[in-house]
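Here are a few notes to read with the model open beside you.

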Amino acid sequence: MTSPFSSERLLFTPATPIADAVPLIFAFPNEYSVGITSLGYQVVWATLAARSDLDVARLFTDVHESLPSEPELLGFSMSWELDYVNILGLLESLDIPIWSRDRTDEHPIVFGGGPVLTANPEPFADFFDVFLLGDGEILLDAFINAYQEVRHADRATQLRYLAQVPGIYVPSLYEVTYESAEGAIAAIVPTDSTVPAQVQKQTYRGNTLSASTVVTEKAAWENIFMVEVVRSCPEMCRFCLASYLTLPFRIADVEASLIPAIEQGLKYTDRLGLLGASVTQHPEFESLLDYLNQPQFDQVRLSLSSVRTNTVTEKLTQTLVKHDAKSITIAVESGSDRIRQIINKKLATDEITQAAINAKAGGLSGLKLYGMVGLPGEEQEDLEQTVAMMRSLKKAAPGLRLTLGCSTFVPKSHTPFQWFGVNSQSEKRLQFLQKQLRSQGIDFRPESYNWSVIQAILSRGDRRLSKFLELVRNYGDSLGSYRRAFKELKGQLPDLNHYVFDRWELDRVLPWSHLQGALPQTTLEKHLASAIDQFKPLTV
């Protein structure tokens, strides 16, 4: 079988490592086709590989480049929570202890980054030596430069030195105490006064954003060139990690950054992906459409990540149809105006209807909507309004294929809804929507409720979960395995309800209280209060 690496077309020039280059393995804890489709993984790899003082080898669960026998650094990019299982497997395959406390000077420094680990690294803290919290544009070079300073020191000295770098979090240098084995966190404090009490997530504020560094037919999205149009989202829906954790909203400069990147990428492929939490909110998005509508780009296949509903114009949908798109995706969360007010989704039902009309008028065959059940303050009548909205869309745009993908609300760190739990009625609510919508010929696609419960465990988890996660891995990663592990560790950590369903008090110490996101807790509390003000009296 030929190596997938041989199919790669690189859009950057890797450096030739110098004689004394640091041997580094950069891993993605999933298969090559998945990892190489991650823009974050691509960009970090290229940043590392462009340094002559590093000798970088890539590692995936199914393939790897020629690996150094004695790596000094081992990095993981983590995009999906359950990939922790593969991280443990890859560590074992390299004969590296899975527990950071068991590693010696003979073992590499194991570091990690990516959206999962930046949001809440605590459930995984005992498996890593170092976390990079925030944007790689700032952190990567700072991390490598700091490591070079202490490269020949012992492990303890290295970790203590790295912990002084803004955004670099060394979990072993923080002590967590608990009110009881099964109780809340009492305190999180540095082990001594030389370690910062808080680690501040690092934010890149430039206007040149990420673009693919490799194009390959072996990617999950075959031969796609990806370019980041915007970073973060200005809407600040109260549940949304993609907005709150990555603030402020940043845009790529069209003339200086986006167009040159696109022109470079289209030399290698005719498939273009525009990425961002809300790409159509780029203030110059119209001019980008005009640029892509030029005759020389007629053969380009265009993909967009989710777009803001009130930006779905006929011009946008015509452009997408011209470039081989069949459908467009919008996040509406709920058919209820009241719920959308609670979550700060600044969107009217009329705008959703107009988006469907424009999608059909522009020639698209399908419209995909994202919804959510179990949002704080939700009542049965809100679900009925979602059903009514989907029916009205069907009437407003006859013949347009409607899909509603629906997940369960999961509380996320660094957002105003981090104190809420999962609504225990969510599974029944998904079943209600399924029964109502499928009978109307609407394609309803619920996300697994069990997966949402697991997500919540990891989303609000603390360090006591590390032993738990090792157990789950041995049992297999079904919800039954999670319940079995909680049972086995009874008396050693809180129960499932604590992490998943309980509403937490505002004054409690959160697992990530020592990790500062984009906004201070006082601001999150104000945003929470304004959401609760929209609740009906009977749900307070």
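1. Start with Asn 344, which is buried at a relative accessible area of 17%; buried means under 20%, exposed over 50%, and partly exposed in between, with a 1.4 Å probe and protein chains only. Asn 344 sits in the loop between α11 (337–342) and α12 (349–361). Its phi is positive, about 70°, although Asn 344 is not a glycine. Helices (H or I, at least four residues) and strands (E, at least two) are DSSP runs, numbered from the N terminus.

2. Before going on, a word on the source: this is a predicted model, where local features need pLDDT of at least 70 and side-chain atom pairs count only at pLDDT 80 or more, while totals for chains, interfaces and linings use all residues. Residues are numbered from 1 along each chain as its sequence is written, and side-chain values use heavy atoms, with hydrogens and water left out.

3. Now look at Asp 324, in the loop between α10 (314–322) and β17 (327–333). Asp 324 also has a positive phi, near 75°, and is a residue other than glycine. Is Asp 324 buried or partly exposed? At 43% relative accessibility, it counts as partly exposed.

4. One more backbone detail: the peptide bond between Leu 247 and Pro 248 is cis, with omega about 0°. You'll find Pro 248 in the loop between α7 (241–244) and β14 (250–251).

5. Helix α3 (residues 84–93) holds Ile 87, which is buried with a relative accessible area of 3%. What does Ile 87 touch, leaving aside its neighbours within four places in sequence? Its contacts are Pro 29, Phe 76, Met 78 and Phe 128, where contact means heavy atoms within 4.5 Å. Pro 29 is 58 residues away in sequence, yet the two C-alpha atoms are 5.5 Å apart.

6. Next, an open sheet: three strands in the order β12-β15-β16, with parallel pairing. The edges are β12 (224–228) and β16 (301–304), each pairing on one side only. Neighbouring strands here are turned by 20° against each other on average, direction ignored. Strands count as paired if DSSP finds at least two bridges between them; β15 (residues 271–275) and β16 run parallel and are joined by four. Leu 274 stands opposite Leu 304 in β16.

7. Two helices pack on that sheet. Helix α8 (residues 254–265) touches β12 and β15, and its direction makes about 170° with that of β12. Helix α9 (residues 285–292) touches β15 and β16, at about 180° to the direction of β15. Axes are lines fitted to C-alpha atoms, for helices over the stretch in contact, and angles run from 0 to 180 degrees between N-to-C directions.

8. Elsewhere, strand β2 (residues 22–27) pairs with β3 in the parallel sense over six bridges, and Val 22 has Leu 54 as its bridge partner in β3. Strand β3 (residues 54–59) is mostly covered, with five of its six residues buried.

9. Last, the second largest pocket. A pocket is an open set of points on a 1 Å grid over the protein atoms alone, with protein on both sides within 12 Å along at least five of seven lines, and lining residues have an atom within 4 Å of a point. Nineteen residues line this one, and Pro 71, Asp 105, Glu 106, His 107 and Pro 108 lie nearest its centre.

How values were computed:
1 Å grid on protein atoms, 1.4 Å probe; cavity = no way out; pocket = protein on both sides within 12 Å on 5 of 7 lines; lining within 4 Å.
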